[in-house]
Amino acid sequence: MKIDIRSLSENQIIEFFEQKGFDSYRGKQVYEWIWKKSTYSFDEMTNLSKDLRLMLDSNFVINHIEVDKIQKSSDGTIKNAVKLFDDYTVESVLIPTDDRTTACVSSQVGCSLDCKFCATSKLKRMRNLNPDEIYDQVVTINNQSLKYFKRSLSNIVFMGMGEPLMNYNNLIESIEKISSDKGLNISQKRIVVSTSGIPKMIKKLADENLKVNLALSLHSAIEETRNSIMPFSAKFSLEDIKESLLYWYSKTKRRITFEYIVWKGINDSVDDINALVNYCKYIPSKVNLIEYNSIGDETFKSASQSMINLYKDLLEKNKITVTVRRSRGKDIDAACGQLANKEVSLN
Ligand code: SAH
């Protein structure tokens, strides 16, 4: 089987050319084509001779994603069903606001976590995405942003399908490619990695010396409640998560964002609010109250507006920054937690 040339580093490509007796700058040229220019065919590499292109073609393939289907929401959100080289599908979403375009990208095919309120958890985790598959989602959305909104992509959130910290190496490699001047040259400060909370991996990420931001899907600061709606989290105590977040802050000096949904009868009591206040008071952080997007399960219903307001008031009284995030793209199942390849036929 031919090797995917995008699985090689620039040095490996240069070495390949040198071994074949060519100048090393050929390797640099090819690397530029496959990353900076996102070229999916050797034939388009016009600064290489026909023979060189044929030689590459007989040694390598360029695996790449293909957008299978595009859905547009009435609010401007665009959802892409993205086909991978081995026919699996993931979804990625373009979210426009007045002055920004955000790409919400997937990191795995399906997800191995079991958050009861998330549609993706119903899909079995099939495999991790490769760095180039994450990169390609960003390129696709950048091109869509230029086409439909006449501006470049401004922000990237790892809040699509999958748990990014369970695809750690590829996550890091994709971030490096996205932010490199040999890639998309998008600042790491504009990237958010969202995790359900794996302490060991949060610490590891803190040690990377990247400039990305961290979001943690908390949803409850009461251990028992959290474990009932996010059963895998029973393996990681809230204390351990807190310790890893404090480590993150000590290393990066960047505040953590807690993602938090308020559900009727699950976490909508004053005790729940107090637990949240006590949990995040000691962690440099802000709380993002996110609207629940129904996935058709009767157990989960959004809490009343007055309860959400009470959350906001009590957090603010305790000097904790809080924002309320309205949902986007609900009409096309593109909102948080709704990515489940619904429109994709499984033939
Ligand atoms: N696995 C990562 C990233 C994917 S989920 C994580 O857990 O953070 C991105 C965000 O959407 C998380 O905060 C998740 O808890 C939230 N989410 C999941 N299902 C949702 C739903 N039905 N409505 C609103 N947000 C949801």
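Helices (H or I, at least four residues) and strands (E, at least two) are DSSP runs, numbered from the N terminus. The model is predicted: local features need pLDDT of at least 70, side-chain atom pairs count only at pLDDT 80 or more, and totals for chains, interfaces and linings use all residues. Residues are numbered from 1 along each chain as its sequence is written, and side-chain values use heavy atoms, with hydrogens and water left out.

**Strand β7**
- Gln-108 is placed in strand β7 (residues 108-109).
- With a relative accessible area of 1%, Gln-108 is buried (buried means under 20% relative accessible area, exposed over 50%, partly exposed in between, with a 1.4 Å probe and protein chains only).

**Domains**
- The chain is divided into domain 1 (3-61) and domain 2 (66-332), with bounds that come from an automatic or database domain assignment.
- The centres of the two domains, taken over C-alpha atoms, are separated by 35 Å.
- Eight residues from domain 1 and eight residues from domain 2 take part in the contact.

**Nonpolar core**
- The largest nonpolar core holds 105 residues, of which Leu-56, Phe-117, Phe-258 and Val-287 touch the most other members; such a core is a set of buried Ala, Val, Leu, Ile, Met, Phe, Trp, Tyr and Cys residues joined through side-chain atoms within 4.5 Å.
- Helix α9 (residues 270-280) provides the largest share of this core, six residues.
- Because domain 1 (3-61) and domain 2 (66-332) both give residues to this core, it lies between them.
- Leaving aside neighbours within four places in sequence, Phe-117 is in contact with residues including His-219, Trp-263, Tyr-292 and Phe-300.

**Loop and surface**
- Thr-97 lies in the loop between β5 (89-96) and β6 (101-104) and is partly exposed, with a relative accessible area of 37%.
- Not counting residues up to four places away in sequence, Thr-97 touches Arg-151 and Arg-328.
- Thr-97 and Arg-328 are 231 residues apart in sequence, and their C-alpha atoms are 9.8 Å apart in space.
- Val-67 lies in strand β3 (residues 66-72) and counts as partly exposed at 32% relative accessibility.

How values were computed. Contact = heavy atoms within 4.5 Å.
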